[in-house]
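Here are my notes on this one, point by point. Have the structure open while you read.

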Amino acid sequence: MPTETFEFQVEARQLLQLMIHSVYSNKDVFLRELVSNASDALDKLRLEALRDDTLDADTSDLHIEIEADPDARTLTVRDNGIGMSYEEVTRLIGTIANSGTATFLKELREAQEGAGADGLIGQFGVGFYSSFMVADEVTLITRRAGEAQGTRWTSRGEGTYTLDSADEAPQGTSVTLHLKPADSENQLHDYTSAWKIKEIVKRYSDFITWPVRLVTGAPDGEDTPEPETLNSMKALWARPREEVSDEDYHELYKHISHDWRDPLETVRLQAEGTFEYQALLFVPSHAPHDLFTQGHRRGLQLFVKRVFIMDDCEELLPPYLRFVKGVVDAQDLSLNVSREILQQDRQIRLMQRRLTKKLLSTVKDMRSAAPDRYRTFWREFGAVLKEGLVTDFDNRDALLAAASFATTHDAEEPTTLEAYAERMKDGQEDIYYITGQSRQSIENSPHMEAFRAKGVEVLLLTDPVDEVWVDTVGEYQGKRLRSVTKGEIDLDGDQDAEKDAEKEKHGEEYAGLLGWMTEHLAEEVKEVRLSSRLTVSPACVVSDAEDLTPALENMYRAMGREVPQTKRILELNPDHQLVKGIRQAHARQGDHTELAEAAELLHGLALLAEGGQPKDPGRFVKLAADRLERTL
């Protein structure tokens, strides 16, 4: 195969320039990434050999080698793992468009000034390119297990790379870095130094399953020394807690997740009996950028008797815990287990059930034992955890116990449903809530006026999923969850005869206006009635108790579901001067043309007050402008 030269894509060139003129303070991470890639390749070969008896591959001594040549200033990281074919090199190394480069560059620019830049490398699958932080030229030689032909990839990171065949390539992959001169001012260490290599491997890769061996040359006339194994290869999840430091756990988390931050919480679980397994789970301290995107990779690493099986076993946790990272090592599963088998496996379902309960109880305990960490958790993952209230009936009580919600009771501290129920006023039967886009907008909503005046606590729900789960859950400990924007609200109860008499009087006075407005606005509303929830605003729009909210209707339409348009109810405040004026004008006017415009404006204002908009914004603006003009 002749040598061919290719150009990097634009984004790849930008990335390479960032690596070459590195913004990273900690350049040691390049070796962590190369060793991690080599470990993945060994895992894949071991699994492939288990599943394919015909694979022509040597698996007798799977390992990673690091070889430094101080005279030539080269550093080589090689493995005898799965290797890559020519097509795979072209797809995985030649281009990086599919590894989130644009998002990586965006987040990198945002993180450049902070401590966050170092860990972004691995997070976006561009770990191989971190080699250019320390090298002027990189050569990769690889041969896929079972194939005869190898491939050589070479680049100086200047916009092009070359590909040609490597006839004598051994099974696996080797990456040779032609190192830049050491520069202590720029944190560019001498990476041919044995002590520096040992330090990096011990810090980042001590727990890797495969031996990482340092190959050193011998002085003239002496025998070549045996390669030195640098890592302990001890599975942290299998070691007693007292033998493992928090730093060890944190490094394992960073290796698994490619996150540069320490985890928020570490959860250990050991199940014994008829079905044995060990789990080491991590709750991140920050939500990943793609947590709510469809292509988000989720799942735990699955091992069977310390043998790596798969990287993202989705069946071990429900989707609403997709942010959790970690390792599960089962003793009784088959090494040849497939995703299809996992979906049907009873033991896997039992593991999922127990892991889920453990995580939810950990979150609940965190709220009382570590309030600051809980606040961080809920800020980052509360919205995704609430998805479980819709999808996981079995764990709904545990989810509600772990959840917290913003409330009018306290501007800073969220509340639990249990605490809300304990604070309910005498005679209050329902737990009230309001949904919307932000706390500020819903606190200022007209629907809140009577609740504020009466001192009745309302939950303030601002995540999109809140629109769904409140209807799905429906009640808590026998108390109905009730929206302040739906149905008729009566906070006075049946005990105030004076209030009842006043309502009856208003009903008689406004009967004519309400009937006329209901008829005039028939295309927009199903009814116009007097309100008991308004104290300051002239009007508000509400839904019937069983109707979908406008936000939920829009959500279903965005999902491609057909939802009929629901007419809503316009409520008027009989004590507001504007509403009184409209009633008086209706009583004395024969021609209701201007009054009809006033009714449209009132309805439009009510829609705007809740964050909606009139059906015909242009007409609304023209009517409002005409009215303003006449007042000047």
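1. Helices here are DSSP runs of H or I with at least four residues, strands are E runs of at least two, and both are numbered from the N terminus. On that count, the protein has 21 helices and 23 strands.

2. Keep in mind that this is a predicted model, where local features need pLDDT of at least 70, side-chain atom pairs count only at pLDDT 80 or more, and totals for chains, interfaces and linings use all residues. Residues are numbered from 1 along each chain as its sequence is written, and side-chain values use heavy atoms, with hydrogens and water left out.

3. On overall dimensions, the C-alpha atoms fill a box of roughly 115 × 60 × 50 Å along the principal axes. The radius of gyration is 33 Å, whereas a compact globule of 632 residues would come in near 26 Å (taken over C-alpha atoms; the globule rule is 2.2 Å times the number of residues to the power 0.38).

4. Of the 632 residues, 49% are buried, meaning under 20% relative accessible area with a 1.4 Å probe, protein chains only. C313 counts as buried because its relative accessibility is 1%, and C540 is buried too, with a relative accessible area of 1%.

5. What about disulfides? The structure holds zero of them, taking a disulfide as a pair of cysteine sulfur atoms within 2.5 Å.

6. Among contacts (heavy atoms within 4.5 Å) with a separation of 6 or more, 70% join residues 24 or more positions apart.

Definitions and conventions: Buried < 20%, exposed > 50% of the residue type's maximum accessible area, 1.4 Å probe, protein only.
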